[in-house]
Amino acid sequence: MPTKFKLKNNLSVLLIESHKSPVISAQMWVRTGSADEKKGQEGLSHFIEHLVFKGTKKFDVGEIASRVETSGGELNAFTSFDQTVFYVTISKEFSNVALEVISEMMGHPSFVKEEIDNEREVVLEEIKRSNDSLGRQASRLLFETNFKEHPYGLPVLGRESVIKKSSRKKIKDYYESRYVPQNMQLVVAGDFDAKEMKKDIKKYFEDIEDYKLKKVKRIKEKPQKETRIKVKKTQFKESVFHFSWKIPGVLHEDIAALDVLALILGQGESSRLTQRLRVQKPVVNSVGCGTFTPKDYGLFDISVNFNFNNMDEILEVLHEELGMILADPPSQEEMEKAIRIFESDEVYSVETVDGIARKAGMLEDLTGDYKFFKKYLSRISALRASDIQRVARKYLKASNLTIVLATPGDEKEARKKIRKWKSSFEESLKTYKKRKIEPTKKIKLKKLNVSFGGKTEGKVEIIKDQLSNGARLIYRRDTQAPVVAVKSAFIGGLRIEQENEVGITELMSRTWCSGSRDYSEIEIQHKIETIAGSLSAFGGRNTAGLSIQCLSPFQKDASEIYSSVMEAPLFDEGILNRERHMIGEQVRARQDSPAFLCSLDFLKQIFTTHPYARDPLGSLEDLNKITSEDLKKHYDRMIYSTNGTIVLTGDVDVDLWKEKLESAIQSSKNASLKKSIPVPALDKNKYSYQESEKEQSHIIYGFQALSLDDPDRYVMQIIQSILAGQGGRLFIELRDKASLAYTVAPMRLEGLDGGYFGAYIGCSPEKGETAIKMMKAEFDKLCQEDISDKELDRAKRFLIGRHDIDLQRTSSINTSILFNEVYGIPGEEIYHFSDSIKSVSKEKVRELSQKVFGGNHVISAIGPKKPF
């Protein structure tokens, strides 16, 4: 039973016990965000989110992150329009660490001038990064066009001019006016005793001074009376549309119906817009529909990423689909699917303690009731199809519509087409307005009867079996959560592709689930979403496979779909052509992502002639030659019984799945695909530069490293941990001290044949040369000096803690067991991981560092200025 109480200083506290994993999540929800900022304060909430990590009364710079990571935890924060949230997820043994660091950040930040100036540069880098993002630019355009007066129209990251000039006094005054106990709420979820936790919270939080809260009166938005249209010319390759209508805040009784409307229109593969614009004819790169329901005004939004050349067809389909939902109510099947998905979300969202805390914190913050979701589900279940039609007519009006477009296309032409569409939409609305909405029957759906079991004592046994066809079957049955995850993997992937068919694994994975002997593509999509499950195929450098997840009451249906798709995929020529076209669009659109282009070039330089050097998407020239028969041959080459491993985890019916899988995988005498393909050694240092007009440069500095089965892989993880995280060397030296970047992190990949280790940074062009020198200095230091006992201890605890945190989800446990087994590592390694990590010595760290970082290196860079 959750516990709510207030401390003497008016801090609200919510405790939620969950004993399925030995982990807790502590989250502080501060009821202040960018919408509470006045003119001249734009970005202070986000700036303070950064600054409270930079030292407190008890902790110096970097010590907060180090304290958490040394205890195996993870910490972070985010700022939104309405709130700023700080969170720590950590082993229950170190719950006091989470409470201590959050109480220090919330009650005793130092705001040292030097650190403010250092972090100022980091925030400015983050703003530059957002300027290089088409999605961020389109989002800003959406909100500033919708909200002319209300502060939701202001950027959450703030304005550069404000960040550059904000003094310590200005920052501290804002902090003391909003970061006060009565304006904050602490949520703790996980494996603890509420009485003991309450004592600890009083110890750490009651001394926080209760400054006087400065209440903020937000400017009200004037009613919108006509369609707003805004077109912005950009330098990106892709275009983004937003069609949005204002809706009420989260508490309004119409929100449930609007959420269902959004799901029916544009959420999931079987949704109407996805079917029309992506599945039936691929005229968009992506399409989605959702509701944004904060404290004040909300938005109902349709977003489309597309090639400008397809604009006419997109506008036509949107007109038709909006017309259909305005004219007629959704079907019984659509309503049942929507209700089931919302019901199932209640289960999936609480598989992890941070998920539990985040959901409760958000509901408590926005609605004042952490149990609000149950009321919301009752509203969802009570909906009739006619309610969906009613809210569509009530809110999707031309006078309430805002259309924004960020595009490299012709602005005048775009505006002309949008205005024409708007006029046509207005005429249609007049017709629908005359039609009476006929009442529909209440949806009768069998209640979803699931529950969470108690805490599992000890290790859940991993059973290894074999099907009669020779495939390995491994299962770990655990009834803690009513979730089932099934995943298979087969050796192959990019590394076995022929030179004239590069990209065929990716193309196979995109078409694998798109029809079988028993089901059409739309039948598969509808059946999976009706049971609120997920089905997907994957293709990587070393493997390809198939995964499915569902709630345990629906696993019979899931097993039938999974076995059918595994046994007899169609690889239909029409679907092949569609996905080939989509890959072409993806190749074109990724020109907008310099970081991704940098990583592709780095792979090419580090692996030279090995298949790992290839672009996983392949070349359009080769892809255009691939036929349905080629896909079937590639599938047969990999997907056979003795090459496959299947793992079942969760509340799984093992006998049911065994029966279905026995005939689902073909037997074969194919030769083993594990045969090593040597990676050519680097015979010299390599430097590669691509010019870009973006605001930031992106740099990767790396070395050839280990294969998946190398016994030193645990040492490599320690090295990564020493460099990674907010308490790691790269973050402290290049971000905290030198203020070079917002993002800097180590990179590591291990494959069957070899791998790499390196560091990535995204920074202003003038900082590139310094960034390279500092990255080199960190690699050299690892070769020349033993790490300290303190660093080694932090790295070990961090890895062990993250391992435990990551394995809260049924699907994560499945993936860990599966790929361990596929690559020749026992699945039980999930239980012995901590022992392997603890055995690493600082001598081994230095020895491996000298072996890897003492070799030749590759530096790949993309940006406005050459950094070497």
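Which residue in strand β10 is the bridge partner of V287? In this predicted model, the bridge partner of V287 in β10 is V304, and this pair belongs to the pairing of strand β9, which spans residues 286–292, with β10, the two strands running in the antiparallel sense over seven bridges. Between β9 and β10 lie five residues, and the two strands together form a hairpin.

Strand β10 also pairs with strand β8, which covers residues 239–247, and here nine bridges join the two strands in an antiparallel arrangement. Within this second pairing, K246 has L299 of β10 as its bridge partner. The strand that takes part in both pairings, β10, comprises residues 298–306, and because seven of its nine residues are buried, with under 20% relative accessible area, β10 is largely enclosed by the rest of the structure. In a regular strand, the side chains alternate between the two faces of the sheet.

Elsewhere in the model, a contact between two helices was examined. Helix α4, formed by residues 113–131, and helix α26, formed by residues 729–737, have axes that come within 8 Å and cross at roughly 95°. Since angles of 65 to 115 degrees count as roughly perpendicular, α4 is therefore roughly perpendicular to α26. On the side of α4, the contact involves E115, N118, E119 and V122, which meet R735, D736 and K737 in α26. When the residues of this contact between α4 and α26 are grouped by class, five are charged, one is polar and one is nonpolar.

Key. Residues numbered from 1 in each chain as written. Predicted model: local features only at pLDDT ≥ 70, side-chain atom pairs only at ≥ 80, totals over all residues. Heavy atoms only, no water. Buried < 20%, exposed > 50% of the residue type's maximum accessible area, 1.4 Å probe, protein only. Helix = DSSP H or I, 4+ residues; strand = E, 2+ residues; numbered from the N terminus. Pairing = 2+ DSSP bridges. Axes fitted to C-alpha atoms, helices over the stretch in contact; angles between N-to-C directions. Parallel < 35°, antiparallel > 145°, perpendicular 65-115°, else oblique. Contact = heavy atoms within 4.5 Å. Nonpolar A, V, L, I, M, F, W, Y, C, P; charged D, E, K, R; others polar.
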